[in-house]
Amino acid sequence: MSAKAISEQTGKEFLYKHICTSAAVQNRFRYANVTPETDFTRLAQEHPWLLTERLVVKPDQLIKRRGKLGLVGVNLDLNGVREWLKPRLMKETTVGKAKGILKNFLIEPFVPHKQEEEFYVCVYATREGDHVLFHHEGGVDVGDVDAKAQKLLIGVDEKISEDLVKKNLLTNVSNDKKAILSSFIVGLFNLYEDLFFTYLEINPLVVTKDGVYVLDMAAKIDATADYICKAKWGDVEFPPPFGREAYPEEAYIADLDAKSGASLKLTLLNPRGRIWTMVAGGGASVVYSDTICDLGGVDELANYGEYSGAPSEQQTYDYAKTILSLMTREKFSITSIDYQVPLKEHEVTIFVRRGGPNYQEGLRVMGEVGKTTGIPIHVFGTETHMTAIVGMALGHRPIPNQPPVAAHTANFLLNSSGSTSTPSSSRTASFSENKARVEGSPAKKAKTGAPAAKATTLFSNHTKSLVWGMQTRAVQGMLDFDYVCSREEPSVAAMVYPFTGDHKQKFYWGHKEILIPVYKNMGDAMKKHPDVDVLINFASLRSAFDSTMETMQYPQIHTIAIIAEGIPEAHTRRIIKTADEKGVTIIGPATVGGIKPGCFKIGNTGGMLDNILASKLYRPGSVAYVSRSGGMSNELNNIISRTTDGVFEGVAIGGDRYPGSVFTDHVLRYQDTPGVKMIVVLGEIGGTEEYKICQAIKQGRITKPVVCWCIGTCATMFSSEVQFGHAGACANQASETAVAKNKALKEAGVFVPKSFDELGEIIKSVYDDLVAKGVIQPAEEVPPPTVPMDYSWARELGLIRKPASFMTSICDERGQELIYAGMPITEVFKSEIGLGGTLGLLWFQRRLPRYACQFIEMCLMVTADHGPAVSGAHNTIVCARAGKDLISSLTSGLLTIGDRFGGALDAAAKQFSKAFDSGILPMEFVNKMKKDGKLIMGIGHRVKSINNPDMRVQILKDFVKQHFPSTQLLDYALDVEKITTSKKPNLILNVDGFIGVAFVDLLRTCGGFTRYFHLLCESLLSLNISSGHYLDQKRLRQGLYRHPWDDISYVLPEHMSM
C-alpha cells in the first residue's frame, strides 16, 4: 500500500524538523514517550521539563477522538501522569468495534488557552489535487468539519500563497491572527508536499500571543516515496491499527516485500483461527476473504495476505513456510522444514485452485504430495469456479471425487491439424477489422487551451508499440500473441533501454527469428518509428514517472501502460494531469495492462500461450470488461470464455489509489464501440468511481447491459481496519465500502450478483438473453492456430532432451553455494587452503597482518572459478581443445576481462570510493547513477538475490566485519545494496563489488598497502579464473569444439534466407 498512518510523535517530529514558516511554532520536540518498559527516573533526566511544567498525556496508537473517549489526561504533574497511567497502561480498551491494549503513550506540555484560540486545519489528497480545510472553531467538539470548514483546492502542480489562504480560509478569523495563521498554513502545506504526506490533520491548532501550538495531530505519508524522502524521514515505523497487534511474522514478510520487486503481504487477523489463506494476487486475495466471510467464516479467518508480481521460488517458499508455521504454532515449535506431522496432528485439509502457466503439472504434483504424505489435498484447475473451493472447505457444497481435468499445457501448443502454417482466424474480421473505423478514432485535435480528446479505440490489429525496459519475456509473449492472432506484423516496433547502446535483440515470430531494435533514448525510437502510438512502460517505480512524462512530449503516443507498482501518488497525479491535457490514455500504474483479442495485448496480460488459447483470446467475442486487479482480469478472461462467446476487450486499470484511467473512461468507450454487446466491471472497496457508472446509466449515457460486482465486502465485518493488497482498496467513508457501492449499482439497473460466486452465472444469464434477442449472433468456432513451443518450456515439460556442449568436472555454480571438485566453498575455508602469507612475502615484500593474509587467501578461494559458462573460461576451453598451449589458452580467456566481466572489481572500488569521499548519501548516489544512465559496478547477480544470498559474499562479510579495523566503504556499499534490492532482489552487492570495496577499506586502514592497491584485484581474479578449466579439459580428453548450427542465428539479407 502507499498511504500509511504514522504515529502522532513521528508526525510532529517531521513538522518540527522541516516546517518553514514565520509563525513561531512553540514546544518544538517537547514530547516524551511512555511504554511498559519506561523508567520514569531516567525519563525525567532525559526530559527535565517533565519536572517543571504541567503536562498532557494520551495514547499514541492511531486512536481517533481520544478526548471524547476519556483517553486524555490534562493539566497534570509527572506524579499525576503516573497515577493517570496506572489504570490504563497495558489494559484492554474498546474503541468502536476494536479491542486493544494501551501500551504507547505520549507526554507533552500542557498549553493553557481559551476556546476562541483553537482552530482546525487539515490537508488531504484527492485525484484533482490537495484540499486544505480550515475551521475557526477547533477542538473536541468541532463536529462535521466537511460541512462546516472553509475549503481550498490546490490543484496538481499549483502553488499555495498566503493571499489565497486569507481569501478562501480565514474569512472568520480576527485580523490580528490572519498573518500568523496564513504563514503557518502555507508552511504546513509546503511541508505536506515536500515530505509526501497524503493526510495531515491538526485539531486543535492553538494560536496565542506567544505563537502556534500543535496540540493533536493525525497523519499519513506515502510510503512509496521512501526512496525520495529517506534523508528527511529517516527510518519510519508504521504502527498497526488499534486493536491489532504487530506480529514478527508480519514484519518478516514486510521485510521480504521491501527487498523484492514482487508484492508480499500478510496481516494476522486471528492467529487461532481455523481458516488460513495463501492467495496469489491482490484482487484474488480480497475475493477469497469476501467469500469466506459471506459463508460465515469471519470469526475463524486467521489471516489476510497475498503474493503477486512474480515472486521468486525462494520468496514463495519463505512465504508458504511462514503461513505453515503460524498454522501449526499452537501445538508445535517447528525448526525444520518438515510440516507433515504438525499438519496431520492439526487435521489440516488443503484446498487448491490454480491457474496460470503449466498449472496442470503443478496440480498434479500437489495432488501427489497429498497422496504420499497422507494430508488431504484437493486440487482444482480453471474448470472449477475460482471461489468454489471455499464452499467445499466450509461444507456448503460437495467435494467432487474426480474433478474434470483440462488438457495438458503442451496439448494447446502442439499442431493437431497437420498444417505447418498459421491459419487466419475467420472471426477476426467479424467484430474487429471491418468495424475498426466505425468504433472510434485516435484523439482529435482540441481547440487551443482545451484538453485534447482521448481515443475511443485504443488498439487495432495494426497497433505498433514501444516497450520501455529490457523485458524480453514480455515482448516474446506479445509476439506469440500477435502470431496466433494472425497479425501481419509484430505489435512491438522497438524497445527503449537507457543502460545499453543502440543494438538489436533477437525474438521469434512463429518459427522464424527476427531482430527488434533497442534504443538508448526515447527520441531516437520515436523518430525512427513514427507509426508507434502505444508505449508499454516496464520502468521501475523510480524511473516510471520520468520516462512517462518524457513519452508524453511526443504527440504520436495516445496510449501508455505503466506496469510498475509503488509509484508515489504525487507523481501519478502529475502524470494524470499531463495525460488529460495531451489526450493520452493511461493504463496503470500497478497493472498487468489489457488485451484486445485478435488485435493487441499489453506485456504479460492474459498469461502464457496455453491460457491465451484456453480463454480463446486469439479472436474477439462480444463482452468487454474493466477491472482494477490484473490477476482478476485473467480470471474474468476465464469466466467470460466459459459463459459467453468470449472477450472483445479487457483492461486492468491498476490497484493504485489514483489509476491513470478510471472505470467510466473505459465503460464509455465500450458503450461507443459497436462490437461490444455487454460490459462487465469488477470494482472494489475504496474510491467512488462506481457511482459515476450509476450516474451515466441514469442519464442514459450507458445503455448496454452492465454486470458489476465490487469486491471487499468483508471489510465491514472486521473489527479493525485492514489494508488490502491494492493501495486504493481502503474505504475512508461509508460510501466507499463495497457493500454500499453494490447496493447503489443494483438500484441504478446494473446486474449485480449476490456474491462473486454467482458472477459467472449472472454473466451467462445476461449473455443468453442477448443471444435470444438476436443482439449477439455467435460465430462459428475455429480451431486454435498452430503455435511453436519454446525450447525452455518444452524442456520444462519433459518433452525433449538435448546433449550438453561442454563437460566440466571442477566447478558447479548452480546450487545454493559454489562447489569446487565436489567440495562446497565453506568446506574449502574450513580446510584452511590458502596462500595469503606467501603472497604477502613474494608480492609485497613485507609481512602482512594475519587478518590481511587471511582475507587475500579468501579472495583467491572465491575467485578461483566462475564456472564454464562465463566468457573467460569459455575461451580457455575452446583454445585448449584446439591444441593450444597453456599460456595461449589462458591469454584467450584473460583478454575478455573488462568492466562487464572481472574488471568490475576495480570499477566498483572507484565508483564507491568517489561517492563516499564526496560525502553524498547512498540514496543520492543511486539516484545520480540512475539519472546519468550508468550501471553501478559490483551491484547485481543473475542467480543470487537478497533472499537467496551468495555464500561467498556472506563469508567474506562476516570475516571483514570481525577483523578489519574499519569498514566505512563497505558499510556505504551495503547501504546502497539496501536501496537497489528494494527495486529488484537480485541487485545485491556481488562478489566483485564486495572484494573491490573491502580491499579499499583494507588499504586505507592496514598501513601495508599503497593507495591504489585495489588495481591488483583484477590480477587476483585473472590468475585463477581459467587455469583450472585448461587442466580439466585436458584431463577429460575433450576434442576439437565446433559450435552447433542450430544454436546460431544466421542473419542474412531477406532474399538470401532459406
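**Reading sheets and surface in a predicted model**

Author: In this predicted model, strand 22 (residues 534-537) and strand 23 (residues 559-562) run parallel and are joined by 4 bridges. Within this pair, L535 has I560 of strand 23 as its bridge partner.

Reader: How do strands of a sheet pair in general, and in what order do the strands stand in the open sheet of 7 strands?

Author: Strands of a sheet pair through backbone hydrogen bonds, in either a parallel or an antiparallel sense. Here the 7 strands follow the order 20-21-19-18-22-23-24, with mixed pairing. Strand 20 (503-509) and strand 24 (585-587) are the edge strands, each pairing on one side only. On average, neighbouring strands of this sheet are turned by 25 degrees against each other, direction ignored.

Reader: Where is Q505 placed, and which residues does Q505 touch?

Author: Q505 lies in strand 20. Leaving aside residues up to four places away in sequence, Q505 touches M470, T472, I514, L515, I516 and V518. Q505 and V518 are 13 residues apart in sequence, while their C-alpha atoms are 6.7 Å apart in space.

Reader: Why does Q505 count as partly exposed?

Author: The class partly exposed lies between buried, under 20% relative accessible area, and exposed, over 50%. Q505 counts as partly exposed because its relative accessibility is 22%.

Reader: What is the order of the open sheet of 4 strands, and which helix packs on the sheet?

Author: The order is 2-7-3-4, and the pairing is antiparallel. At its edges stand strand 2 (32-34) and strand 4 (73-76), each of which pairs on one side only. From one strand to the next, the twist averages 25 degrees. Helix 1 (residues 8-18) packs on this sheet and touches strand 2, strand 3 and strand 7 (105-109); the direction of helix 1 makes about 45 degrees with that of strand 7. Strand 3 (residues 55-59) pairs with strand 4 over 2 bridges in the antiparallel sense, and L55 has L76 of strand 4 as its bridge partner.

Reader: How many residues stand between strand 11 and strand 12 in their hairpin?

Author: The hairpin of strand 11 and strand 12 has 2 residues between them. Strand 11 (residues 197-208) pairs with strand 12 (residues 211-214) in the antiparallel sense over 4 bridges. The bridge partner of V207 in strand 12 is V212.

Reader: Which residues make the nonpolar surface patch of about 260 Å²?

Author: Y791, L799 and I800 make this patch. One of them, L799, sits in the loop between helix 27 (791-796) and strand 31 (811-812). Patch residues need over 30% relative accessible area; L799, at 45%, is partly exposed.

Conventions:
Residues are numbered from 1 along each chain as its sequence is written. This is a predicted model: local features need pLDDT of at least 70, side-chain atom pairs count only at pLDDT 80 or more; totals for chains, interfaces and linings use all residues. Side-chain values use heavy atoms; hydrogens and water are left out. Two strands pair if DSSP finds at least two bridges between them. Axes are lines fitted to C-alpha atoms, for helices over the stretch in contact, and angles run from 0 to 180 degrees between N-to-C directions. Patches are made of residues with over 30% relative accessible area and no salt bridge: like charges are joined within 9 Å, nonpolar side chains (Val, Leu, Ile, Met, Phe, Trp, Tyr) within 5 Å. Accessible areas come from the Shrake-Rupley method with a 1.4 Å probe; for residues, only the protein chains shown count as cover. A salt bridge is a side-chain nitrogen of Lys or Arg within 4 Å of a carboxyl oxygen of Asp or Glu. Buried means under 20% relative accessible area, exposed over 50%, partly exposed in between (1.4 Å probe, protein chains only). Contact means heavy atoms within 4.5 Å.
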